[in-house]
Amino acid sequence: MNYSITNNKLKIFAIFHMNKINRFNNMNKIKMIGLVAGIISAAAILIFLDLDPQKPELTKMAAVVVLMAFWWITEAVPLAATSLIPLILFPVLGLLGGEETASSYINSVIFLFLGGFLLAIAMEEWGLHIRIALKIITLFGGSPSSIIIGFMTAAAFLSMWISNTATAVMMLPIGLAIINKMEKEFGEASTKNFAITLLLAIAYSCTLGGIGTLIGTPPNLAFVKIFGILYPEAPAISFGSWMILAVPIALIMLMFVAFLLIKVFFKFDVKIQIDKNFIRNEYLKLGRITFEEKTIALLFGSAALLWIFRSELNLGFIKIPGWQNICAVPDFINDGTVAISVALLLFLIPSKKTNAGKTALLDVTAFNKVPWGIILLFGGGFALAKGFSSSGLSDYIGIQFNSLGYLSPVIIVLLTALTINFLTELTSNTATTQMILPIMASVSVAIGLNPLLLMITATLSSSMAFMLPVATPPNTIIFASDKMKIQYMVKAGFMINIAGVIIVSLLVYLIGSVLFDLNTYPIWAK
């Protein structure tokens, strides 16, 4: 076959990074404007604005928020670098001490992310993710629709546990191999719509799968920690309870996306078929499953079960007790404990075959692949949330939105979902989530809503951007394949964005009301 999956991965990496370089060149002017506008706006707030003469820290905190917002939205400087601003300005402006600010950057959520990412690195290094993907795809038939559904299932499942960027990079070469095979047999014109559908299906399912778990996409983890900072007396959001809410949303969105792509936007000739053995042969080329793959699969499955069933799960009709209750001090155990425990085993269990000189499943080089920039981005958002709370800016913003109390909660939820959805088409969804969540919490308290209602809606909506190549890394990767035009992405993405707004709003209301009692204003929010 002409399309080698390994060679294609190298091509995709190269194209993706070239695309990032081109995007950087095109956005230089925007970045410069954002850089200057952020500094000028923050200075103007400090000099000319006085939000409350009795509380000068409100104005100072507002200046920091505006500066970081401009720099995050325009990416005037790297997102991780902007995230370091609280470490400088909070102590200098007298908002928080250096020690207290620094403590925001490292916490149990960071270790949950780190442990989950190390597990994902192990899966990638030993090829387990490719085996899982191809195995899932082989379970479906050789018809175009079956192939697309198979790819969506594999991509969504993998993205629940590993980076959606890595999943897209891995799935794209496999998809291109199938597209090339069909183009040779049936002609490029006959398979054009199938190719567009398959590529968009890969991108969208990578994004949607990520919302299903706390480690699937950074905004989910940002929400959990920011919620804990703002409301320390509230019950923690567990891995399992999040999945009960988010997985149904992801599944319904996946089915809706599959219907729109296959039956509405890009209809293709159902007569074109591919021999199912083609995909099976690709799977057989991997050889027999190795000891290392089996071990990582066992650790992966164990971690998932421990995360899901750690604390009590309330399904509405039944409550499943959590395993942490058998521990001497149950409250000392959290999802970060599980993540690091499993990750440590990856460095202790020896491998039977040498992979680039490794004597264990992972070695010290794994830490070179950890996205430390994302960890700093998390830390900056957590520090910002603590600044919002300690300075009183959250309360001040909430008071300004008292008038929204006259609106129906349904309308407020829909407006929140719509605003965040389209805002993240042009900005980092992680940075946007971290900026907006403290504001959503303040607005909720001011108008008497359960803060979780708007905070969860905003978090999930930040992962519902499908229109533009810059909206998500999977979109960028697919667009860089040279087989995708922006008008195809916009054509399908706009309708899917609207569907995301409606589905997120409705299911957060329906499922969230059972899981988190969103219909009542909780004591911990007072």
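Student: Which residues of α5 do M61, V64, L67, M68 and W71 in α3 meet?

Tutor: The model is a predicted one. On the α3 side, the contact is made by M61, V64, L67, M68 and W71. Their partners in α5 are I85, P86, L89 and F90.

Student: By class, how many nonpolar, polar and charged residues has the contact of α3 with α5?

Tutor: Ala, Val, Leu, Ile, Met, Phe, Trp, Tyr, Cys and Pro count as nonpolar. The contact of α3 with α5 has no polar and no charged residues. The number of nonpolar residues in the contact is nine.

Student: How are α3 and α5 oriented to each other, roughly parallel or roughly antiparallel?

Tutor: The axes of α3 (residues 56-74) and α5 (residues 85-92) come within 11 Å and cross at roughly 160°. Angles over 145 degrees count as roughly antiparallel. α3 and α5 are therefore roughly antiparallel.

Student: Why are α13 and α21 oblique to each other?

Tutor: Angles under 35 degrees count as roughly parallel, and those from 65 to 115 as roughly perpendicular. The α13 and α21 axes come within 12 Å. α13 and α21 are therefore oblique, because their axes cross at roughly 45°.

Student: What is the handedness of the crossing of α13 and α21, left-handed or right-handed?

Tutor: α3 passes α5 in a right-handed crossing. The crossing of α13 and α21 is likewise right-handed.

How values were computed:
Residues are numbered from 1 along each chain as its sequence is written. This is a predicted model: local features need pLDDT of at least 70, side-chain atom pairs count only at pLDDT 80 or more; totals for chains, interfaces and linings use all residues. Side-chain values use heavy atoms; hydrogens and water are left out. Axes are lines fitted to C-alpha atoms, for helices over the stretch in contact, and angles run from 0 to 180 degrees between N-to-C directions. Helices (H or I, at least four residues) and strands (E, at least two) are DSSP runs, numbered from the N terminus. A crossing is left-handed if the near helix is turned anticlockwise from the far one by less than a right angle, and right-handed if clockwise. Contact means heavy atoms within 4.5 Å.
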